[in-house]
2 protein chains.
Amino acid sequence: MADGPLDVVGVGNAIVDVFSHTDDAFLTRVGLEKGVMTLIDAARAEELYAQMGPGVEMSGGSAGNTMAGLASLGATGAFIGRVHDDQLGRIYRHDIRALGVEFDTPAAISGMPTARCLVFVTPDAHRTMATFLGASTELGAADIDESLIARAQVTYLEGYLWDDPRAKEALLKAATAARQAGRKVAFTLSDPFCVDRHRAEFLDLIAGHIDILFGNEAEITSLYQVDTFDDAMQPLRGHCEIAALTRSEKGSVVLSGADFHVIDAAPVERVVDTTGAGDLYAAGFLFGLTHGRSLAECGRLGSLCAAEIISHVGARPEVSLAELVRSEGL
Amino acid sequence: MADGPLDVVGVGNAIVDVFSHTDDAFLTRVGLEKGVMTLIDAARAEELYAQMGPGVEMSGGSAGNTMAGLASLGATGAFIGRVHDDQLGRIYRHDIRALGVEFDTPAAISGMPTARCLVFVTPDAHRTMATFLGASTELGAADIDESLIARAQVTYLEGYLWDDPRAKEALLKAATAARQAGRKVAFTLSDPFCVDRHRAEFLDLIAGHIDILFGNEAEITSLYQVDTFDDAMQPLRGHCEIAALTRSEKGSVVLSGADFHVIDAAPVERVVDTTGAGDLYAAGFLFGLTHGRSLAECGRLGSLCAAEIISHVGARPEVSLAELVRSEGL
């Protein structure tokens with residue numbers, strides 16, 4: 001149904017991931033800080049790619065991964081993001097549409113090629129990312145279709161987009177349109193360095209526009225410039241309606257007014273690659289939220305989806321999450 | 001060393017594989033014959049891709065996979081094949097060079113895009129392939145560098161290339177150059193339908209130019225138009241110096257004059273995707289042959305490498321084959 005109701009609309013960078021296995025010595029040699037996402041320009045992307053091992057290409061991007069997870073759970077959704085009219089852009093559009101997610105943002109026909117993220121997976125399953133944002137930074141306010149936003153219960157915004165002034169404008173337009181339509185707005189802090197770059201603006205954005213906040217321990221302590229997780233939790237109460245905070249193997253904490261839940265991480269036989277853990281936690285959580293589940297159940301759904309994604313290389317689910325949820329009795 | 005000795009030079013189609021999981025009903029619906037490789041044109045490639053699920057992109061191509069396997073075993077090698085100067089072509093060149101394989105065939109700057117193979121993996125781990133050959137059919141005799149061929153102990157030719165008259169000329173030039181340099185020529189029959197299309201020419205080629213023949217049961221029975229594997233084995237004796245014939249879970253048979261060996265398949269915990277089994281068998285076998293191993297050992301090395309590749313999705317090794325060989329005491 002072309003104009004029917006949707007569960008979630010995601011707004012994010014449209015990125016093709018290039019995965020390769022490497023070791024810590026390689027990261028040191030090429031000057032990449034382990035475990036974080038570094039933005040790189042076209043020249044640095046060429047230089048790093050030339051030194052990288054053989055790759056496997058897979059559609060990615062934070063909000064795109066979340067939308068893929070939601071589709072796998074059986075939710076309805078759409079994605080807004082910018083690719084170039086090139087082979088990687090066609091792969092990106094194919095992959096997300098093949099999941100049943102609407103994606104109609106027009107491809108750029110001039111300017112930079114489709115974004116790619118070089119993902120270096122070390123033997124300890126951690127991932128270090130170097131992202132060339134390319135065409136995805138050309139997302140602008142004109143790409144935000146307000147009637148599409150109004151169709152979705154939740155509009156989910158990716159913090160990474162804040163690095164570009166035009167994309168920032170697009171995020172604000174989407175948030176405003178959602179609130180005007182009586183819908184909810186969710187936001188993910190994306191990355192501690194991203195928080196560090198935009199702390200004051202993020203604090204204002206959350207207070208003014210955000211109903212549901214996602215972040216991990218490093219992001220939330222950076223946001224409030226505190227040392228411990230508990231110190232960060234306190235100012236959050238009242239800052240937005242719902243906050244879902246992930247803590248890797250320690251699980252997650254969900255806050256909403258006086259209500260709070262401490263959720264265990266779902267068990268994983270072997271952690272292979274942590275790429276997409278936060279994105280898939282958000283998918284599970286938002287699936288629960290748009291399907292009338294309690295906050296505790298939302299958190300457990302998030303943990304389950306995150307556990308699936310870290311058990312293999314790649315940030316898109318390899319099994320039907322809907323079946324996984326059923327088999328776990330959730 | 002830019003002009004040092006090499007173990008193997010492979011000549012083949014330079015193809016990027018697009019893997020997707022599907023079921024038998026899908027194959028029937030889109031009219032693909034299960035388990036075989038069908039050549040498709042650009043329009044059919046678009047049509048099939050539009051119906052395919054989300055994909056994972058990975059460099060492939062039969063001889064390219066064999067060269068990747070050889071590199072992982074520690075052999076030295078080069079690849080000759082044609083990509084277009086586009087994103088998929090740059091991915092292909094990157095991936096094979098990142099393995100240490102020389103690849104200097106210039107990219108086409110006009111004509112068709114880089115070849116891609118849509119690989120549909122069914123739950124029984126079988127793969128059904130639809131290949132758009134694109135730029136790879138533009139390989140011609142001018143791309144065969146005779147001094148490169150002369151550097152390698154073995155020149156390995158992919159039967160699939162025979163479908164294009166220009167590429168056929170390139171194969172013949174490579175085979176002739178290798179023999180003139182006192183080197184060996186290996187050939188893989190590639191596919192039963194490929195054999196069916198070119199039976200008479202393949203029989204002549206083998207008699208006149210080939211020292212080492214690779215084929216599976218379906219290919220070899222098609223070649224000699226006989227009903228059983230044993231019936232096919234008999235005419236092979238004397239047709240070429242060495243034949244290595246694979247039989248899936250039944251293992252392989254190696255023939256050379258009066259000598260013959262029946263090799264068991266290496267055990268596999270769970271067969272996930274049979275793509276590349278023949279290509280990696282050839283890699284193990286040729287590694288043995290270029291490193292002074294007995295024919296029986298060559299066969300066992302082939303079985304071991306094939307077992308690794310069918311235990312995961314994708315036709316390029318996921319672990320160091322050199323370490324695998326050491327751990328198995330081979």
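**Reading the helix packing**

Author: Start with a helix pair. Helix α3 (residues 62–73) of chain B packs against helix α11 (residues 277–289) of chain B at an angle of about 45 degrees, with the axes 8 Å apart. This is a predicted model, where local features need pLDDT of at least 70, side-chain atom pairs count only at pLDDT 80 or more, and totals for chains, interfaces and linings use all residues. Residues are numbered from 1 along each chain as its sequence is written, while chains are lettered from A and ligands numbered from 1 in the order in which they are written.

Reader: How are helices and axes defined?

Author: Helices (H or I, at least four residues) and strands (E, at least two) are DSSP runs, numbered from the N terminus. Axes are lines fitted to C-alpha atoms, for helices over the stretch in contact, and angles run from 0 to 180 degrees between N-to-C directions.

Reader: What does the angle make α3(B) relative to α11(B)?

Author: Angles under 35 degrees count as roughly parallel, over 145 as roughly antiparallel, 65 to 115 as roughly perpendicular and the rest as oblique. The angle of about 45 degrees therefore makes α3(B) oblique to α11(B).

Reader: Is the crossing of α3(B) and α11(B) left-handed or right-handed?

Author: A crossing is left-handed if the near helix is turned anticlockwise from the far one by less than a right angle, and right-handed if clockwise. α3(B) and α11(B) cross in the right-handed way.

Reader: Which residues of α3(B) and α11(B) meet?

Author: Contact means that two C-beta atoms, placed from the backbone, lie within 7 Å. On the α3(B) side, G69(B) and L70(B) are among them; α11(B) brings residues including L280(B), A283(B) and G284(B). By class, this contact of α3(B) with α11(B) has seven nonpolar, five polar and one charged residues. Ala, Val, Leu, Ile, Met, Phe, Trp, Tyr, Cys and Pro count as nonpolar, Asp, Glu, Lys and Arg as charged, and the others, Gly among them, as polar.

**One residue, then the next pair**

Reader: Is C305(B) buried or exposed?

Author: Count neighbours. A residue is buried if 20 or more other C-beta atoms lie within 10 Å of its own, exposed if 12 or fewer, and partly exposed in between, with C-beta atoms placed from the backbone. C305(B) has 29 other C-beta atoms within 10 Å, so it is buried. C305(B) sits in helix α12 (residues 295–309) of chain B. Leaving aside neighbours within four places in sequence, its contacts include G69(B), L280(B) and L321(B).

Reader: How do α11(B) and α12(B) cross?

Author: Their axes come within 7 Å and cross at roughly 145 degrees. The crossing of α11(B) with α12(B) is right-handed. Y281(B) and G284(B) of α11(B) are among the residues that meet α12(B), whose side includes L301(B) and C305(B).

Reader: How many residues does each chain give to the contact between chain A and chain B?

Author: Chain B gives 18 residues and chain A gives 18 residues. On the chain B side, α4(B) supplies the largest share, six residues.

Reader: How much of chain A is buried?

Author: Of its 330 residues, 55% count as buried. Chain A has 13 helices and 14 strands.
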